[in-house]
Amino acid sequence: MSALQRLAETIASRKGADPETSWTAKLLSKGPEKCAEKFGEEAVEAIIEAVKGDRDKLIAEAADSIYHLLVMLAARDVTLADVENELDRREGRSGIEEKASRK
């Protein structure tokens, strides 16, 4: 099992946990909108570090972004497996073809 899968399982296990003892439970208790807002903040921080070119800071911000993306997905009952299935469906298709299929 990958670190990403373990993280997704940990996040799922925090649903309904005590918000006083778990940052993940605290975020989830604030609802999907707050989880989405927090993901957006972290994504912007990753973008800033990508532009600046500090590799170590970009890695740290990317990790924060991935964590908060998984929390946001969990808040809407979307699993990592759901996302992996969508990626599997897209495998072998060009990005141009995929975008055109959504119109």
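Visitor: In which helix is Glu49 found?

Guide: In this predicted model, Glu49 is found in helix α3, which covers residues 32-52.

Visitor: Why does Glu49 count as buried?

Guide: The relative accessibility of Glu49 is 10%, and the word buried is used for residues under 20% relative accessible area; the value for Glu49 falls under that cut-off, so Glu49 counts as buried.

Visitor: Which residues does Glu49 touch, if those up to four places away in sequence are not counted?

Guide: Glu49 touches Asp54, Lys57, Leu58 and Glu61, where a contact requires heavy atoms within 4.5 Å.

Visitor: What makes Asp64 partly exposed, rather than buried or exposed?

Guide: Asp64, which lies in helix α4, has a relative accessible area of 32%. Buried would require a value under 20% and exposed a value over 50%, and 32% lies in between, so Asp64 is called partly exposed.

Visitor: How far is Asp64 from Lys38, counted along the chain and between C-alpha atoms?

Guide: Asp64 and Lys38 are 26 residues apart along the chain, and their C-alpha atoms are separated by 10.0 Å.

Visitor: What lines the largest pocket, and which residues lie nearest its centre?

Guide: The lining of the largest pocket consists of 15 residues, and those nearest the centre are Ala8, Ala12, Val78, Thr79 and Leu80; a residue is counted in the lining because it has an atom within 4 Å of a point of the pocket. The volume of this pocket is about 240 Å³.

Visitor: Which helices each supply at least two residues of that lining, and which gives the most?

Guide: Helices α1 (3-13), α4 (55-75) and α5 (80-90) each supply at least two residues, and α1 gives the most, with five residues.

Visitor: How many helices and strands does the protein have as a whole?

Guide: There are six helices and zero strands, and the order from the N terminus on is α-α-α-α-α-α. Of the 103 residues in the protein, 23% are buried, and the C-alpha atoms fill a box of roughly 45 × 35 × 30 Å along the principal axes.

Visitor: What share of the contacts between residues at least 6 apart in sequence joins residues at least 24 apart?

Guide: That share is 51%.

Visitor: How far apart are the mean positions of the positive and negative charges?

Guide: The protein has 17 positive and 21 negative charges, and their mean positions are 3 Å apart. As for the surface, the protein exposes about 7,100 Å², with carbon and sulfur atoms supplying 56% of that area.

How values were computed. Residues are numbered from 1 along each chain as its sequence is written. This is a predicted model: local features need pLDDT of at least 70, side-chain atom pairs count only at pLDDT 80 or more; totals for chains, interfaces and linings use all residues. Side-chain values use heavy atoms; hydrogens and water are left out. Helices (H or I, at least four residues) and strands (E, at least two) are DSSP runs, numbered from the N terminus. Buried means under 20% relative accessible area, exposed over 50%, partly exposed in between (1.4 Å probe, protein chains only). Accessible areas come from the Shrake-Rupley method with a 1.4 Å probe; for residues, only the protein chains shown count as cover. Lys and Arg count as positive and Asp and Glu as negative; His and the chain ends are not counted. The place of a charge is taken as NZ of Lys, CZ of Arg, CG of Asp or CD of Glu. On a 1 Å grid over the protein atoms alone, a cavity is a set of points where a 1.4 Å probe fits but cannot get out, and a pocket is an open set with protein on both sides within 12 Å along at least five of seven lines; lining residues have an atom within 4 Å of a point. Grid points are joined across faces, edges and corners, and a volume is the space filled by probe spheres set on the points.
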